[in-house]
Amino acid sequence: MQIGVVWTINAKNLSMDKSIASLAELREEGFRRVWTTQMPNEPDALTVIGVAGREVPDIEFGTSVLPIQSQHPMKLAQQATTVNQILGGRLTLGLGLSHKVVTEGMWGVSYRKPVQRTEEYLDGLLPLLNGEKASAAGELVTTRGALTLENSPGPSVYFAALGPKMLDVAGRRTSGTVTWMTGPKTLRDHIVPTLHQAAADAGRPDGSVRTVAMLPVSVTDDVDGARAEAGRQFSMYDGLPSYKAMLDREGFTGPADAAIVGDEATVADRISELASFGIDEYVGILFDRDPEVRARTRALLRTLDA
């Protein structure tokens, strides 16, 4: 199982120098891939990745995740293909549906028919990323045209999926899924088998889809304090229906229960367990603000990825 880590891009006060320095540090520590989140009020992730990735070679990037409702498939194909060319093919494009409170409350975009919207979006996006012409007239999303970029292959696409219908789409049409706030039993009994069954039903070969699991992590002796901090930082996810459903399915009382917290042995065991459930990549979100704790956590993750 590959081990990745979330690379933070200094959202409140964007500094490319600091972002590049922190990325270079992760690369020097031995991480092979970093993932970058995209919140609706933060800097554009692909732009920052393109700039920093040009400065820091030999490390891969994933987005987790870019919401599809905020830009047209052709615009995203333009940007993603351009960034992937800048990076020399080091980009993985993690996409997903946002949430009703964001799409309708902030953007004025309807959240209705999310599965249909995803299918129609991919109908336009995937051909463009493959260097083909798109001709997809949908009820919610229409994409017609082609990109003129030559020798610029698009990145592989993962789609964040939690429910069975979205996992079916991801398994049939993409390289896999990226999960968040989803515990080990749910990954084992629901996410992985549903994704792989969808791929098999579509006639795709074994190994054609991968599951990336993102969970908070902290290597610390102050377990109670870390869980309390996780509960504070991630409290919003208890109020978002898609994540709430995963927390409830796992039997968690809240986001704090999803965090992987403890000493080195405890954290290593819990992450290694994910591999036995068919998880292909674990991505840690370091939420503890203590520099010593963060250093201990990164050190363990690097060891597990060796």
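S208 is found in the loop between α7 (184–201) and β10, where helices (H or I, at least four residues) and strands (E, at least two) are DSSP runs, numbered from the N terminus. The model is predicted: local features need pLDDT of at least 70, side-chain atom pairs count only at pLDDT 80 or more, and totals for chains, interfaces and linings use all residues. Residues are numbered from 1 along each chain as its sequence is written, and side-chain values use heavy atoms, with hydrogens and water left out.

**S208**

- S208 is buried, with a relative accessible area of 19%; buried means under 20% relative accessible area, exposed over 50%, and partly exposed in between (1.4 Å probe, protein chains only).
- The backbone oxygen of P205 is reached by the side chain of S208 at 2.8 Å. A polar contact is a pair of N or O atoms within 3.5 Å; within protein, one must be able to donate a hydrogen and the other to accept it, and residues adjacent in sequence count only if both atoms are side-chain atoms.
- Leaving aside residues up to four places away in sequence, S208 touches T174, S175 and A199, a contact being heavy atoms within 4.5 Å.

**Overall fold**

- The protein has 11 helices and 12 strands.
- Its radius of gyration is 19 Å, close to the 19 Å that the globule rule gives for 306 residues, so the protein is as compact as a globular protein of that length. The radius is taken over C-alpha atoms, and the globule rule is 2.2 Å times the number of residues to the power 0.38.
- Along the principal axes, the C-alpha atoms fill a box of roughly 55 × 40 × 40 Å.
- Of the 306 residues, 50% are buried.
- Among contacts between residues at least 6 apart in sequence, 74% join residues at least 24 apart.

**Helix α11**

- Helix α11 (residues 291–304) has 14 residues, which at 1.5 Å a residue should span 20 Å; its end C-alpha atoms are 20 Å apart, in agreement. The expected span is 1.5 Å times one less than the number of residues.
- V293, T297, R298, L300 and L301 are buried in α11. Seen down the helix axis, the buried residues fall within an arc of 160°, so they line one face of α11; the arc is that of the directions from the helix axis to the C-beta atoms.
- The cover over these buried residues includes β1 (2–6), α1 (16–29), β10 (210–219), α10 (264–276) and β12 (281–286).
- P291, E292 and T303 are exposed on the other side of α11.
- At the start of α11, a side-chain oxygen of D290 comes to within 2.8 Å of the backbone nitrogen of E292.

**Salt bridges**

- The count comes to 21 salt bridges, each a side-chain nitrogen of Lys or Arg within 4 Å of a carboxyl oxygen of Asp or Glu.
- D305 forms a salt bridge with R32, with the closest N and O atoms 2.6 Å apart. This pair links distant parts of the chain: D305 is in the segment after α11 and R32 in the loop between α1 and β2 (33–36), 273 residues apart.
- D305 is buried at 12% relative accessible area, whereas R32 is partly exposed at 42%.
- R232 pairs with E229 in a salt bridge whose closest N and O atoms are 2.7 Å apart. Both are in helix α8 (residues 223–233), and because they are three residues apart, about one helical turn separates them.
- R232 is exposed, at 55% relative accessible area, while E229 counts as buried at 14%.
- E229 also forms a salt bridge with R289, the closest N and O atoms being 2.6 Å apart. Here E229 in helix α8 is linked to R289 in the loop between β12 and α11, 60 residues away.
- R289 counts as exposed, at 63% relative accessibility.
- A network of salt bridges links E119, D123, D168, R172 and R173.

**Backbone geometry**

- Most residues other than glycine have a negative phi, and most peptide bonds are trans.
- S64 and V65 are joined by a cis peptide bond, with omega about -10°; V65 lies in the loop between β3 (60–63) and β4 (66–67).
- K113, which is not a glycine, has a positive phi near 50°. K113 is in the loop between α4 (100–107) and α5 (114–129) and is partly exposed at 36% relative accessibility.
- M181, also not a glycine, has a positive phi of about 60°. M181 is in the loop between β9 (176–180) and α7 and is buried, with a relative accessible area of 0%.
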